[in-house]
Amino acid sequence: MQKELLHYTLRLGDNALILGHRLAEWCGHGPVLEQDIALSNIALDHLGQARMLLQYAARQKGESYTEDKVAFFRDITEYYNLLILELPNGDWGDTLARQFLFDTYNYFFYTELLNSKDDHLKAVAQKAIKEITYHAQWSAEWIIRLGDGTEESHQRVQKSIDDLWMWTGEMFTMDEIDQKLIEEGVAVDLAPIKEQWHQKVAEILDVATLKKPQDDWMQSGGKQGEHSEYLGYILAEMQHLPRMHPEAEW
Amino acid sequence: MTKELSLEERFQQYVDAENKVEPKDWMPEKYRKTLIRQISQHAHSEVVGMLPEANWITRAPSLRRKVALLAKVQDEAGHGLYLYSAAETLGADRQALVKDLLDGKAKYSSIFNYPTPTWADIGAIGWLVDGAAIANQVMLCRTSYGPYARAMVRICKEESFHQRQGYEILLTLVRGTEAQKKMAQDSLNRWWWPSLMMFGPTDDHSPNSAQSMKWKIKRKSNDELREEFIDKTVPQAEFLGLTIPDPKLKWNEERGHYDHSEIDWEEFYDVISGKGKCNKQRMDARNKAHAEGKWVREAANVYARKQAEHSKQSAA
Ligand SMILES: [Fe+2]
Ligand SMILES: [Fe+2]
């Protein structure tokens, strides 16, 4: 087992799981039935990706591990998702703004992950890239629709983008785990992704008649297990039943 | 000697000959109204029915169960959509139907006013509530109104999948720890009677049924459907090793059906009239989603209009 690879796998798996969890909270509460279904679809894609990745993480950890043990019996400091993904959903504009900012990143990221020298990660990317491409298109369309919709929707979604901006910097930070795995050809170099992301985000925001915020102070820490308060509540909700009956199967 | 048949009589003959009524066909106004009411109630039930189960998506105890549950609740949203579309073929307006629901003027299946406090309830709902829905919907696959019948064929396939999934959840629980077994039994205790009530009042208290049967909208009475459901479900409960909370439940050799205790119809009417634990919670949730979605729907409409104008201009 390689420590760095496990950590890296968990980052990707936790991103998918925590975002899938947040999106699933919308189920039954969407603004209209069609969009309720669309968002559930995307949540399902993320949860499917989370399962593949956490199964891989479990395999790395050893025989006694399963995807569920990895998901339900890890505490907050051992979760490595991006902070932006654990933030509360807010309104439809907040959720879609987060989707847009993350999906755009995820699209460029997974496009690169297709070239990973790690066969498992490469296989996950091959399975997920179609879904992720669709997500990025779908959320960009929504940003344009809301930005160029009514006066109210324009103002609301501009505020969502502004509020979320300080959480976007973390997508591009690299530490020694990234460095080591980039050298091995396993991980994605985030420097070019950052450029692609800025360009694409600027392009879509322009079409949406929205302003791209200035980069300022950026939050970080999620990738290293230093989280906001929100993740604790997600895990409490998600994990309580298996933890209450640790010997049970479901 | 040949008597000129009225439109109503010809319609009845047409239906009696097992023909399907299609949207453009002439139909009695009361037939149309009855169907709009029934189909829209059915649609509302699918949508409100998402809530008690969505309640468990974030807490499902395994990733496999989480994905399956989310997919199931999403299916129910899809059922709602098919059914609103079927109602629109009769000239109803979806937005007006939804407004009736939100204003508390339209009904939905009262079963969804019961809470889902434990994970076992997700199993029990799949097994019993989807199971009771299937009994009704299999019959509706042969209903006389074409679009409704066709929507039902599609829906039934998914419902039987839901039912198997629910049963499998309970099967896993009863083969598990003591606490899990207890959870399963407790859930059956709470859901058994409300599930039987899903078929509606007894035949002698169901005034509209006769006309619906004559028009072949319905093909079996409430009591017949209920009996079918009980006969099918009791052996399934036995296989689970769970006890149905009815001491009088007993196979009647002569009738070839199970006998059971009297249903507590007072509870049924109480819950319909708003006294269920979750009536207010469910309607509040639907109203909140609708109100908070208003600016989003408006933005989407305005944007679509702008786009349409834009493409008209560039075409000119
Ligand atoms: Fe359904
Ligand atoms: Fe169902």
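Reader: Which residues is B:Phe268 in contact with, once its neighbours within four places in sequence are left aside?

Author: Leaving out those within four places in sequence, B:Phe268 is in contact with B:Met197, B:Gly200 and B:Pro201, in what is a predicted model. B:Phe268 itself belongs to helix H11 of chain B, the element that covers residues 265-275. B:Phe268 has a relative accessible area of 10%, and because buried means under 20%, B:Phe268 counts as buried.

B:His44 is part of helix H2, which comprises residues 29-48 of chain B, and with a relative accessibility of 0% B:His44 counts as buried. When neighbours within four places in sequence are left aside, the contacts of B:His44 are B:Gly49, B:Tyr84, B:Leu97, B:Val98, B:Leu101, B:Ala106, B:Lys107 and B:Tyr108.

Most residues other than glycine have a negative phi. B:Glu18, although it is not a glycine, has a positive phi of about 65 degrees, and its place is in the loop between helix H1 (7-16) and H2 of chain B. With a relative accessible area of 44%, B:Glu18 is partly exposed. B:Lys216 likewise is not a glycine and has a positive phi, here of about 60 degrees; B:Lys216 is found in the loop that lies between helix H9 (209-214) and helix H10 (222-240) of chain B.

These residues can now be placed within chain B as a whole, whose secondary structure comes to 13 helices and two strands. The radius of gyration of chain B is 22 Å, close to the 20 Å that the globule rule gives for 316 residues, so chain B is as compact as a globular protein of that length. Taken along the principal axes, the C-alpha trace of chain B spans about 75 × 65 × 30 Å. Of the 316 residues in chain B, 54% are buried, and B:Phe268 is one of the residues that count as buried.

Chain B has a partner in chain A, and the contact takes 46 residues from chain B and 48 residues from chain A. Between them the two chains bury about 4,000 Å², of which 72% is on carbon and sulfur atoms. On the side of chain A, the residues that lose the most area to chain B are A:Leu33, A:Leu44 and A:Trp250, which together make up 19% of what that side buries.

Chain A itself has ten helices and zero strands. The radius of gyration of chain A is 18 Å, close to the 18 Å that the globule rule gives for 250 residues, so chain A is as compact as a globular protein of that length. The box filled by the C-alpha atoms of chain A, taken along the principal axes, is roughly 55 × 40 × 30 Å. Among the 250 residues of chain A, 59% count as buried, and A:Ala50, at 0% relative accessibility, is one that counts as buried. A:Ala50 lies in helix H2 of chain A, residues 33-61, where, not counting residues up to four places away in sequence, A:Ala50 touches A:Gly13, A:Ala16 and A:Leu17. In chain A, 80% of the contacts between residues at least 6 apart in sequence join residues at least 24 apart. The accessible surface of chain A comes to about 10,400 Å², with 50% of it belonging to carbon and sulfur atoms, and the mean positions of its 23 positive and 42 negative charges are 3 Å apart.

Definitions and conventions. Residues are numbered from 1 along each chain as its sequence is written. Chains are lettered from A and ligands numbered from 1 in the order in which they are written. This is a predicted model: local features need pLDDT of at least 70, side-chain atom pairs count only at pLDDT 80 or more; totals for chains, interfaces and linings use all residues. Side-chain values use heavy atoms; hydrogens and water are left out. Helices (H or I, at least four residues) and strands (E, at least two) are DSSP runs, numbered from the N terminus. The radius of gyration is taken over C-alpha atoms; the globule rule is 2.2 Å times the number of residues to the power 0.38. Buried means under 20% relative accessible area, exposed over 50%, partly exposed in between (1.4 Å probe, protein chains only). Contact means heavy atoms within 4.5 Å. Accessible areas come from the Shrake-Rupley method with a 1.4 Å probe; for residues, only the protein chains shown count as cover. Lys and Arg count as positive and Asp and Glu as negative; His and the chain ends are not counted. The place of a charge is taken as NZ of Lys, CZ of Arg, CG of Asp or CD of Glu. Buried area is the accessible area (1.4 Å probe) that two parts lose on being put together, summed over both.
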